[in-house]
Amino acid sequence: MLEEGILDSQFTQLQGLQDESNPNFVAEVVTLFIKDAQKIINHLSYYMSQEVVDFSEMDPYVHQIKGSTSSIGARNMTLACSDLHQASDAKNKEMCLQALNKINHEYCRLQVKLHLIVQLQNTIFTMETNERLRGSRYAAMSMQRRFPRFKVLFGFISSFLFFQLLITKHK
Amino acid sequence: MARNGTGSWRRRSEKVDGFEFSAAESEEVHVLAVDDSLVDRKVIERLLRITSCKVTAVDSGRRALQFLGLDEEKNSSVGFDESSTFKQIPVVIMSSENVLTRIDRCLEEGAEDFIVKPVKLADVKRLRDYMTREVKMGNEESGGVNKRKLRDSFDLSSSPPSISSSPSSLSSPSSPSPSPSPSRSPLSSSLSAPSSPTSLDSPIRRLKMTQH
């Protein structure tokens, strides 16, 4: 699952935090991250586009994106953010531009991977849910075998609903 | 230093509407997580919930102070000299930076521990165990709400590290003991993760020893 270099064990950690009580955790974090990172990259691009770069104003954003990329486990992107941090500390505009380019590049790669992973997870989740539902349907059917009265009731209710459906369809 | 500025706060008990600082309260740890990054807030919230902590997440130091009822404006007329149970709050700092001098400064200013981001479940579990044990040792009575604050703020004096703090119960404040178990080892390859936390066995301290 995890692409070498793009995501690391921290992402696995996050996946481990997802469970039945919190089935959308990874998807939520990923969505938040993508929006957040885009905003920060926009801010950084703005600062870097200035004639004279205000490194101190830029610093909080540099720090923030470094934190969130590491928290989500985006290894390559985190490394690029570290480069930007160093370049910004050194007040080196050229290095900052290079680092920002790298961040953009890694961010694009990461987005593709993350979307894929989230889609796959959602598919798996749906499949598992369907499996569970099927299991409970089997349980209901076996109930009918054990309790004939249940079967009659069940038949009555389902045919009642069926006729209701027919009636409403004809209207 | 920011820590000095927030060191002796006057407790405003009327503001603590969310908390019942009573002896009857269960020993649930309540953490006030402070982080400007939404992603990190969400992650740390989940990590803390999994370790059975009650969590409140805010996005800035100012909001944290507001939440605690310690707004600067309200306190400006009152001296900060009164000792306060807030001083008993252990502070854990969380940051993506691993600059040793910064870490040292945080610890010297009274931080309980320093965790390097990304924060893992093991880190949170370890800290929680440590905090619970500390309170149990310090508490005469059972009960009391523990609050822990995790904070990542770059606007707190110019330093990026985040701060987390946790008050012990009002009834018997326990003095913060030195950092326990290790943070992760991106700081130095010589760091290993000891299985049992001892009070002087902080990896930060060990790192200092190996480097000096």
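The model is a predicted one.

Let's start with the meeting of the two chains. On one side, 21 residues of chain B take part, and they touch 23 residues of chain A. A handy way to express the size of an interface is the accessible area that gets lost when the parts come together. Here, chain A and chain B bury about 2,000 Å² between them, and carbon and sulfur atoms account for 63% of it. Within chain B, the residues that lose the most area to chain A are Val39(B), Lys42(B) and Arg46(B), which together make up 32% of what that side buries.

Charged and polar partners show up here as well. The count of salt bridges between chain B and chain A is two. Lys42(B) pairs up with Glu28(A) in a salt bridge, with the closest N and O atoms 2.8 Å apart. Polar contacts across the interface of chain B and chain A come to eight residue pairs, both partners being at pLDDT 80 or more. As for which part of chain B does the touching, helix α2 (residues 38-50) of chain B gives the most to that side, with eight residues. Sorted by class, the chain B residues that touch chain A come out as 10 nonpolar, three polar and eight charged.

Next up is the packing inside chain A. Two packed helices are described by the angle between their axes and by the distance between those axes. In chain A, helix α1 (residues 9-16) and helix α3 (residues 55-72) have axes that come within 6 Å and cross at roughly 65°. Angles of 65 to 115 degrees count as roughly perpendicular, so α1(A) and α3(A) are roughly perpendicular to each other. From α1(A), the residues Gln10(A), Phe11(A) and Leu14(A) meet Ser70(A), Ser71(A) and Ile72(A) of α3(A). That contact between α1(A) and α3(A) has three nonpolar residues, three polar ones and no charged ones.

Finally, a look at the backbone. Most peptide bonds are trans, and most residues other than glycine have a negative phi. In chain B, a cis peptide bond joins Lys117(B) to Pro118(B), with omega at about 0°. Pro118(B) sits in the loop between β4 (111-116) and α6 (121-138) of chain B. Over in chain A, Lys91(A) is not a glycine, yet its phi is positive, at about 55°. Lys91(A) also lies in a loop, between α4 (75-89) and α5 (93-146) of chain A.

Definitions and conventions:
Residues numbered from 1 in each chain as written. Chains lettered and ligands numbered in written order. Predicted model: local features only at pLDDT ≥ 70, side-chain atom pairs only at ≥ 80, totals over all residues. Heavy atoms only, no water. Contact = heavy atoms within 4.5 Å. Buried area = accessible area lost by both parts, 1.4 Å probe. Salt bridge = Lys/Arg side-chain N within 4 Å of Asp/Glu carboxyl O. Polar contact = N/O pair within 3.5 Å; in protein donor to acceptor, adjacent residues only side chain to side chain. Helix = DSSP H or I, 4+ residues; strand = E, 2+ residues; numbered from the N terminus. Nonpolar A, V, L, I, M, F, W, Y, C, P; charged D, E, K, R; others polar. Axes fitted to C-alpha atoms, helices over the stretch in contact; angles between N-to-C directions. Parallel < 35°, antiparallel > 145°, perpendicular 65-115°, else oblique.
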